[in-house]
Structure formats: C-alpha cells, structure tokens
Amino acid sequence: MKVSVLVPIYNVEPFIGKCLESIIHQTYSNFELVCCNDASTDGSRKKLIEIFSSYPDLDYKLIDHPVNQGIAQTRNDLLNAATGDYILFVDSDDWIELNMIEIMLNKSILSNADLVGCYHYNSRINGSESVKKVLYSESKDESLRRVITYRICSELWKLLIKRSIIEDNNMRFSSGVNIGEDYLFSIQLYYYASRFAFVTDPLYHYVQYNPIRYSKPSLKGIEDHIEAIKMAESFFLKNRIYDSYKEELMFRKFRIRSNFVLNKLFRDTKRWRRLFPETNYLCWKSPIRDRIKYFLAYLRLL
C-alpha cells in the first residue's frame with residue numbers, strides 16, 4: 001500500500017527541516033512526499049530543495065504556486081498530485097513520530113477502516129508537550145456528531161485516509177475558505193467512510209507557537225467558519241439527513257456566533273443579533289456568566 005504524505009508550505013523556514021526529516025525517516029518506506037509551496041516569501045523553498053537534494057532516492061513532487069493562493073487551493077493541488085492508496089496530511093510547521101505511518105496503516109488494514117485517527121502532542125514554545133486525547137468513537141453516527149460540534153476537532157493531520165473515499169465522492173476544499181477549510185471536508189469524510197478506527201498512540205506533534213499559522217484567531221477566521229457551517233448545513237440538507245443532525249449544527253452555529261459577544265477582540269453585538277437568530281434558544285442553556293452577557297447584548301447594553 002502506498003501512502004501520499006501531503007505538505008502545504010508557506011513561510012515555514014524555521015520549521016520545515018524538522019517536519020520533512022520526520023517524514024523521510026519513517027519506518028514505513030512505501031510513500032510519496034508531495035509538497036506545495038504557496039509562494040513563500042522566506043527561505044522555505046530553498047530549504048526544500050536542499051533537503052530533497054540530500055535524498056536522491058526520495059519519491060517526491062514539488063508544486064510551486066507563482067502567487068499565494070491560500071491553504072484551501074494548496075490542499076486541492078496536493079490532492080490532485082497524489083497517487084497513493086492512502087492520504088496523510090502533515091502541516092509544514094509540525095512533525096510526526098517516525099512510526100506514524102506504519103502504526104496507522106496497520107490499524108487500517110487490520111480493522112478494514114477507511115479512516116484511522118490518532119492522539120497527538122501539543123508542542124509549546126518552551127519545549128514542553130502534553131498529550132491530547134481525542135474523543136474518537138468507532139460509531140459512524142457518533143463520530144459525525146462529534147465532528148460537527150468540534151468535540152472531535154476537524155484538523156486533518158490526525159487522520160490516515162483511504163484516497164478512494166476522497167476521489168469516489170469528488171471531495172475537494174472550497175477555495176477562499178482558508179480557516180476552517182477542513183471542517184466541511186472532515187464532515188464529508190466521516191459521512192462517506194464505512195468504517196472508522198483509531199489508535200491511542202500520540203503520533204503527531206502539533207506546534208502551537210508559529211506566529212503565522214492559519215488557525216490563529218482573527219476576524220477573517222470567524223468569517224471563514226461562518227461560511228464553513230453554512231456549507232455544512234447545505235451538505236446535510238442535500239443528503240436529506242439535516243433533521244438527524246440539526247441540534248449539533250445549531251450548537252456549532254451558536255458557538256461561532258458567540259464570538260461577537262464573548263470575545264472582546266471581535267465584539268460586535270449588532271452582528272451577533274443578526275447572525276443565526278434561530279440559535280437564540282441556546283443562550284439560556286449557556287453558563288450563567290455567558291447568559292448575562294447575551295442578555296446585555298439583547299438590551300444593547302454591552
């Protein structure tokens with residue numbers, strides 16, 4: 001079985017060496033490394049070429065964007081270039097355990113699973129790490145509910161994915177949605193997959209101190225999450241399963257909406273009152289401190 005390891009790259013010169021070395025030295029050798037440089041303005045591309053030249057037998061592809069196109073289009077170009085039986089996304093400022101592919105692929109084969117998840121490390125700037133135990137479920141229905149509500153976060157790098165799931169269902173990322181771009185994609189993965197399995201080994205190191213990570217809080221990030229939940233809602237309506245997951249979708253919409261009240265950086269109570277008013281009933285299911293803020297927002301006193 002061949003695994004395509006997909007690495008989107010943008011201005012990660014301090015991190016890219018450790019990332020690629022952790023992939024190149026995997027205990028499982030039948031993989032291709034596919035990188036897409038999204039018009040980096042630092043020395044990321046030069047570093048890439050230096051690493052590739054040090055491993056002449058490495059099976060790799062390098063895609064170069066002449067202008068920056070964002071993470072969604074970058075991931076699409078990576079998928080278009082992939083030829084493996086499985087897909088593993090790795091962010092270029094993170095790194096993986098040297099046996100990650102071997103452990104997850106063995107689990108997929110033994111379990112006949114379309115998706116395999118793992119635990120991961122949260123890596124901090126002071127060098128400390130803590131294990132994140134993801135709330136996986138082997139139930140397809142429960143997994144889908146947990147992804148919608150972010151009890152299973154939608155980051156793709158903790159999953160080994162059968163590529164046939166993606167290609168058979170014409171799955172791609174929505175260009176222009178560059179924060180939360182993996183939300184709808186993850187929902188589709190759990191919807192289309194027939195079987196899911198997971199390992200409790202922490203196999204991925206998630207770096208939390210890169211100042212230019214796409215996932216850093218921003219107003220654009222909130223806007224992208226709004227678009228992502230709208231697309232997810234349309235997906236459930238199209239597949240006639242909206243009523244089965246309506247409460248989870250409402251919860252997620254409410255959590256996004258609450259940024260405009262609870263987060264001082266983005267507080268905009270006018271926007272909050274207009275956005276997803278169908279979730280108003282969830283205000284009164286919130287902690288008392290938050291309920292007071294929502295009440296003040298209603299009264300235009302916040």
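Tyr150 is located in the loop that joins helix H5 (140–148) to strand S8 (159–162), helices (H or I, at least four residues) and strands (E, at least two) being DSSP runs numbered from the N terminus. The model is predicted, so that local features need pLDDT of at least 70 and side-chain atom pairs count only at pLDDT 80 or more, while totals for chains, interfaces and linings use all residues. Residues are numbered from 1 along each chain as its sequence is written, and side-chain values use heavy atoms, with hydrogens and water left out.

Most residues other than glycine have a negative phi. Tyr150, however, has a positive phi near 70 degrees. Its relative accessibility of 22% makes Tyr150 partly exposed (buried means under 20% relative accessible area, exposed over 50%, partly exposed in between; 1.4 Å probe, protein chains only). Phe276, also not a glycine, has a positive phi of about 45 degrees; this residue is found in the loop between helix H11 (269–274) and H12 and is buried, with a relative accessible area of 8%.

Arg252 lies over the face of Tyr150, at 4.0 Å from the ring centre, and its charged end also sits over the ring of Tyr183, 5.8 Å from the centre. For such a contact, NZ of Lys or CZ of Arg is within 6 Å of the ring centre and within 35 degrees of the ring normal.
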